[in-house]
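Have a look at it first.

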Amino acid sequence: MTQNVGGIERIIRIIAGVAILAWGFLLSDPINWIGAIGAVPLLTGLVSFCPLWTLFGINTKNQRRQIFRENSNLTWDYSLKLSQGTASLCG
């Protein structure tokens, strides 16, 4: 089971799961199936794995790293250059 849920999506799933569970408990029916639906986003957020994302080939776990790798060919030159006797940091 490879983790495929990460970052903000994970936080949103946990918050939504808790909110749906709480809403289900607040309704008058003691066993409310609508509240039980909240267990799905809560569990997928807690374990960082969504079987549905696996079927669609979606992985939000390492999006930030993938974006960094795609742009890793960018180079930054923060070298110390001396101009007329004073040091300046050029970027």
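Is Arg 13 buried or exposed? Arg 13 counts as buried, because its relative accessibility is 14%; here buried means under 20% relative accessible area, exposed means over 50%, and partly exposed is in between (1.4 Å probe, protein chains only). Before we go on, keep in mind that this is a predicted model, where local features need pLDDT of at least 70, side-chain atom pairs count only at pLDDT 80 or more, and totals for chains, interfaces and linings use all residues. Residues are numbered from 1 along each chain as its sequence is written, and side-chain values use heavy atoms, with hydrogens and water left out.

So who does Arg 13 meet? One partner is Glu 9: the two side chains form a salt bridge at 2.9 Å, N to O. The term stands for a side-chain nitrogen of Lys or Arg within 4 Å of a carboxyl oxygen of Asp or Glu. Side chains of opposite charge can pair when their charged atoms come close. Searching the whole structure turns up one salt bridge. Glu 9 and Arg 13 sit four residues apart in helix H1, about one turn of the helix. Glu 9 is buried too, because its relative accessible area is 18%.

H1 runs over residues 8-26, and its 19 residues reach 27 Å from the first C-alpha to the last, close to the 27 Å expected at 1.5 Å a residue (the expected span is 1.5 Å times one less than the number of residues). Helices (H or I, at least four residues) and strands (E, at least two) are DSSP runs, numbered from the N terminus. Along H1, the buried residues are Glu 9, Arg 13, Gly 17 and Gly 24. They cover an arc of only 70 degrees around the axis, so they end up on the same side of H1; that arc is taken from the directions from the helix axis to the C-beta atoms. Turn to the other side of H1 and you find Ile 8, Ile 12, Ile 15, Phe 25 and Leu 26 exposed.

What do the buried residues of H1 pack against? They pack against helix H2 (33-37), helix H3 (39-47) and helix H4 (51-56), where a contact means heavy atoms within 4.5 Å.

Let's hop over to H3. Pro 41, Leu 42, Thr 44 and Gly 45 are buried there, and their cover includes H1 and H2. Thr 44 counts as buried because it has 9% relative accessibility. Its side chain brings us back to where we began, with a polar contact to the side chain of Arg 13 at 2.9 Å. That label covers a pair of N or O atoms within 3.5 Å; within protein, one must be able to donate a hydrogen and the other to accept it, and residues adjacent in sequence count only if both atoms are side-chain atoms. A polar atom of the Thr 44 side chain also lies 3.1 Å from the backbone oxygen of Pro 41. Leaving aside neighbours within four places in sequence, Thr 44 touches Val 5, Arg 13, Phe 49 and Cys 50. Just after H3, Ser 48 takes a positive phi of about 60 degrees.

Finally, step back. The protein has five helices and two strands, in the order α-α-α-α-α-β-β along the sequence. Of its 91 residues, 20% count as buried.
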